[in-house]
Amino acid sequence: MSDNVLVIGSGGREHALSWKLAQSPEVKQVFVAPGNVGITGDKIKLVQVNVDDHAGLIKWCSANTVSMVVVGPENALVTGIADALQAANIHCFGPSKEAVRIEADKEWAKLFMDRHNVPTARWGSFTEAEHAKKFIKNSTFPALVVKASGLAAGKGVVVAANTDEACAAVDEMLTDQKFGSAGSTVVVEELLEGEEVSVLGFCDGKTVRAMLPAQDHKRLLDGDRGSNTGGMGAYCPCPLLNEKELLEVEENILQKTMDGLNKEGKKGIPFIGVLYAGLMMTKDGPKVLEFNARFGDPETQVLLPLLDSDAYKIMLACCKGELHKESIHWKRNTYAVGVVMASRGYPETSTKGCVITGIDEVTKLPNHLVFHSGTARSPSGDIVTNGGRVLMPVSLASSLPLAVAQATKACDIIKFDGAQYRRDIAHKGISRSILSYGQMTYKASGVDIVAGDNLVSRIKPLVARTKRSGVVGSIGGFGGLFDVAAAGYKDPLLVSGSDGVGTKLKIAQACGLHSSIGVDLVAMCVNDILAHGAEPLFFLDYFASSFLDVEVAAQVISGISEGCHAADCALIGGETAEMPGLYAPGDYDLAGFAVGAVEKSNLMPRTADVRPGDVVIALPSSGVHSNGYSLVRKIVENSGLKYSEPAPFSTSGKTLGNELLAPTKIYVRSVLKALQSGRVKALAHITGGGLTENVPRVLPPGTRVTLNATAWNILPVFAWLAATGGVNEYEMLRTFNCGVGLVLIVGPSDVKEVLSLVVGEKASVIGHVEALPAGDDHRVVVQHFATAMDKVMRPFLPSVVKRLAKPKKRVGVLISGSGTNLQALIDKTQNPASNMGCEIVMVISNKKDVEGLKRAERAGIPTKVINHTDYKSREEFDMACHAILEGERVDIVCLAGFMRILSGQFVRLWRGRLLNIHPALLPLFKGTHAQKQALDAGVRISGCTVHFVEEDVDAGAILIQRTVPVEHGDTEETLQERIKTVEREAFPEALKLVAHGHVYLNTSTNRLVWS
């Protein structure tokens, strides 16, 4: 540690830079000129140096052995500060005066991009207002973006809503000289459509390395309304660019720009520092809106906290032309969100001298930072406002919605008079982030699609053993076929379909609404046999319950009758079964059986006829239909909503239960004529497995379909499920129909005729069949899904962020050994699908090097070893643990294999917040060797107990118990292993109850109180 660094600048960007540079073991001291009062640290020192006096600056750097100068603001770069420092053999991380023209002169930059084929918007430059306005009015493209060509502190851009506004902006800049000489030339650009993304790159004159993509928010107010500003917040990484696309930007924009600069003039213009590309993600790919020649503000404040590598070594390598030698690493599965807090009057004016409170409270929160931009210290020692943009709280989290919630909450904690900040920073990226990286899955809700596929594969040989004359095909299709003629009869093919309604029944039973569920049952069966071109003929049902409730059964059968009528098939019989003990009271189950007929010449799917170029037609769904309800119910549970409450996505004020029970559409009357015309080659019913699992069932080998998600209507219910549940695109498409209930595949010449034959539904063309590329196994490619979903998800994002902003209970865990129960707690608290309402923030062990510590470290949880042998008494050791728990602001303590008896003093301090799990059914078999006690007593049932801890051993109020049988021949070891399996379920369940406040201990009566 011997190098000194000087950071030039005074804002939040420079705070972040100095904070990050000070972390380098290579850096002895970080000087900041002039800095602000918030830029502090053990290795950071504010200095007063006139950076405009280059000779004086060089002398100061030499006197203070500064090895590298990092320049923050563009104004300093324009003066040629980098040229002066480099001439004096002082490394400068920042481009030369000539290179900075790419930001400082927008006209020059646009000409440069045209010369070197860097994709950008169409444009023109003008010094006369009338010429500029003529260009705006006569352009064949929307020429609505007006920019001052020179530097205008990030405010010299007007994005006009119409030509009048654009012309007014021209007059302000050229006629009224609003930006002085910076606006003596204006650039008028095409208004590009898309979302903006910022991609910054480290540059050493030859090589560029892209940083993570970020997104800035320029407008003052929520919804991108209000005045243009220097930036009201940012987040990173921005999901509008995936890793592959980021590499393409690095190669086709950043590196192309670097190479172009080196071709300029006779000697080239080497660029050293940060090249910032402001991009618009258009339908034709990314296009450059503008280049900056330095770190962006506020992007820097969310980028650098995600940088895992040594920033000093990277910047020094850039200065030496050795960037190719450095490996740059970023935090994985982590998001950073920063929200700028501005003073009253910003951006037109600023308010100074307002006392700021709450900064320390935020900085003490885990994964929270506060970067200062415009702060000062009052004579009385208070931190006060001292500019327009005052400060920027930044939060890091494992998901973007959580980081958004925490950053916005931090702004609520920090207070000063006149504070203004946006509450929708990063909302633009939440839907895409969820669709790309959401962790809620169908499997997490208890349904394993892969296991179902594996079962079909395993039972195919068993089914084959039963084959007889007349059987057509095998299992795995939408229906079962039987050739009556082949069996000796002179009749057409019969098609059968059997299905149920799944766990949609649980919602019907919870709501007491049973009539529509019968329609679902019929729909699931008859829609399946339509896939074979068959007309439904008759239907049978099976209704099973523990006890027959005639009123409920009558409602269900009424729905079945309604469904049969809509499908034009006869309800000819069924079975009603009462099975006490098999079903819980009030529960029932349904199964349906439909039989239809089709002429052999019209049998579908005609898979052999399906070929590349064929067209995919969709019929809309009415909602979720009858698949994916285990996941739906899990999402509803985690949302905290009740089925009786208004549905957030309802357009008619219906309850959540009513909306989710919308019956599955029956498509018989809609498509039967089209099927019988012979023009439809294949039909896929979009049921369990969604679009990606069902369409391939009717495709020949070597083909796939490409679908355009913007070509059909994605219903709000799917947007709500994705946003609220954090369900990613892959899971959405393989679980739900996403608005498409039925798919038809037809030849291109038959499209118009088939569309005319579809009755009562708004069918639409959504894609086509194409050859499957070699080595590709994706049979269904859905394009623009994130774009289509983003539009319908946006209204639900504020409620998602609000729910996540609710603080989680902070949990500390005490262990002594392997930590198997700790692992169960980690798995549940870190799984969003579990909705635990808490997070583990500290694991304390009284023994070093135990497996439990490694489990915590692998999960990213801080650990602490407090060896009890280092303390004179039990009380002294317990108070050391207590101090750490208090320091981490722990709310609940869990004992997970902690082999120490806690002192009365500790128990009293944590009473009602201290949980333990005991491997026996208390109040029996307290203390140690519980399994031996159970075996010696000859009991036939044992298990585990989760309880609050009292001073007497294993005497606290019982929260949860789980049982296991004691089997003949059990040993202590075998019984212990069996009990461990239920412990791993019981402990997280009890913790969840306490964390959510569903139960608490009345410390006066020592009894539980259930809410």
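In this predicted model, helix H30 is followed by Arg889, a residue with a positive phi, near 55°. Helix H30 itself covers residues 874-887. The buried residues of H30 are Phe877, Asp878, Ala880, Cys881, His882, Ile884 and Leu885. Among the elements that cover them are strands E37 (809-815), E38 (838-845), E39 (863-865) and E40 (892-895). Helix H31 (904-909) also contributes to this cover.

An open sheet of 4 strands is found elsewhere in the chain, with the order E11-E10-E16-E17 and antiparallel pairing. Strands E11 (208-210) and E17 (285-292) stand at the edges; each has a single partner strand, so one side of each is left without a neighbour in the sheet. On average, neighbouring strands of this sheet are turned by 35° against each other, direction ignored. Strands of a sheet pair through backbone hydrogen bonds. Strand E10 (residues 195-204) is joined to E11 by 3 bridges, and the two run antiparallel. Phe202 has Arg209 of E11 as its bridge partner. Helix H11 (residues 311-320) lies across E10 and strand E16 (272-282), and runs at about 65° to E10.

A further set of pairings involves strand E15 (residues 233-236), which is covered on both faces. In a regular strand the side chains alternate between the two faces of the sheet. In E15, Gly233 and Tyr235 are buried on one side, and Ala234 and Cys236 are buried on the other. Strand E12 (residues 215-216) is joined to E15 by 2 bridges and runs antiparallel to it; here Asp216 stands opposite Ala234. Strand E18 (residues 335-339) is also antiparallel to E15, with 4 bridges between them. In this pairing Tyr235 stands opposite Val337.

Val337 also belongs to the largest nonpolar core, which has 190 residues. Along with Val337, the residues with the most contacts inside this core are Leu6, Ile102, Met732 and Phe785. When residues up to four places away in sequence are not counted, Phe785 touches Leu435, Ala709, Ile714, Glu729, Met732, Leu733 and Cys738. In soluble globular proteins, nonpolar side chains tend to be buried together.

Definitions and conventions: Residues numbered from 1 in each chain as written. Predicted model: local features only at pLDDT ≥ 70, side-chain atom pairs only at ≥ 80, totals over all residues. Heavy atoms only, no water. Pairing = 2+ DSSP bridges. Axes fitted to C-alpha atoms, helices over the stretch in contact; angles between N-to-C directions. Contact = heavy atoms within 4.5 Å. Buried < 20%, exposed > 50% of the residue type's maximum accessible area, 1.4 Å probe, protein only. Expected span 1.5 Å × (residues − 1). Core = buried A, V, L, I, M, F, W, Y, C linked by side-chain atoms within 4.5 Å.
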